[in-house]
Amino acid sequence: MLCWFCPKAARGGCRFCGRGLCEDHARFGPYLLQVHRSEVRGRAEGLVVEDALQCGTCRPRPQPVPMPELD
């Protein structure tokens with residue numbers, strides 16, 4: 001697979017959209033893996049990876065998208 005931005009070989013894929021990225025175009029940022037309710041604290045907590053590979057082109061939505069057809 002080639003990098004989305006240049007003809008170099010991709011070293012990985014964006015965690016959000018899957019675009020291939022070489023080492024020059026790779027960016028890193030947080031990715032939420034899981035949300036669970038803490039029995040001790042009584043609130044929702046998230047398990048986050050701090051340095052997930054990101055392309056910087058895709059724009060993950062900041063809020064969840066309703067899917068009533070799955071209810």
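**An aromatic pair, some cysteines and a surface patch**

Hi everyone, let's start at F16, which counts as partly exposed at 35% relative accessibility (buried means under 20% relative accessible area, exposed over 50%, and partly exposed in between, with a 1.4 Å probe and protein chains only). Please keep in mind that this is a predicted model, where local features need pLDDT of at least 70 and side-chain atom pairs count only at pLDDT 80 or more, while totals for chains, interfaces and linings use all residues. Residues are numbered from 1 along each chain as its sequence is written, and side-chain values use heavy atoms, with hydrogens and water left out.

Y31 is buried, at 18% relative accessibility.

Another ring to look at is W4: R19 lies over its face, 4.5 Å from the ring centre. For that we ask that NZ of Lys or CZ of Arg be within 6 Å of the ring centre and within 35 degrees of the ring normal.

Now the cysteines. A search of the whole structure finds zero disulfides, a disulfide being a pair of cysteine sulfur atoms within 2.5 Å. C14 is in no disulfide either, with the sulfur of C58 nearest at 3.7 Å. Both are buried: C6 has 18% relative accessibility, and C14 has a relative accessible area of 5%.

Finally, the surface. V35 sits in strand β3, residues 27–37, and is exposed, at 52% relative accessible area. Its C-alpha is 6.3 Å from that of L47, 12 residues away along the chain. Together with L32 and V48, V35 forms a nonpolar surface patch of about 250 Å² accessible area. Patch residues have over 30% relative accessible area and no salt bridge, with nonpolar side chains (Val, Leu, Ile, Met, Phe, Trp, Tyr) joined within 5 Å and like charges within 9 Å; a salt bridge is a side-chain nitrogen of Lys or Arg within 4 Å of a carboxyl oxygen of Asp or Glu. The areas come from the Shrake-Rupley method with a 1.4 Å probe, and for residues only the protein chains shown count as cover.

Technical notes: Helix = DSSP H or I, 4+ residues; strand = E, 2+ residues; numbered from the N terminus.
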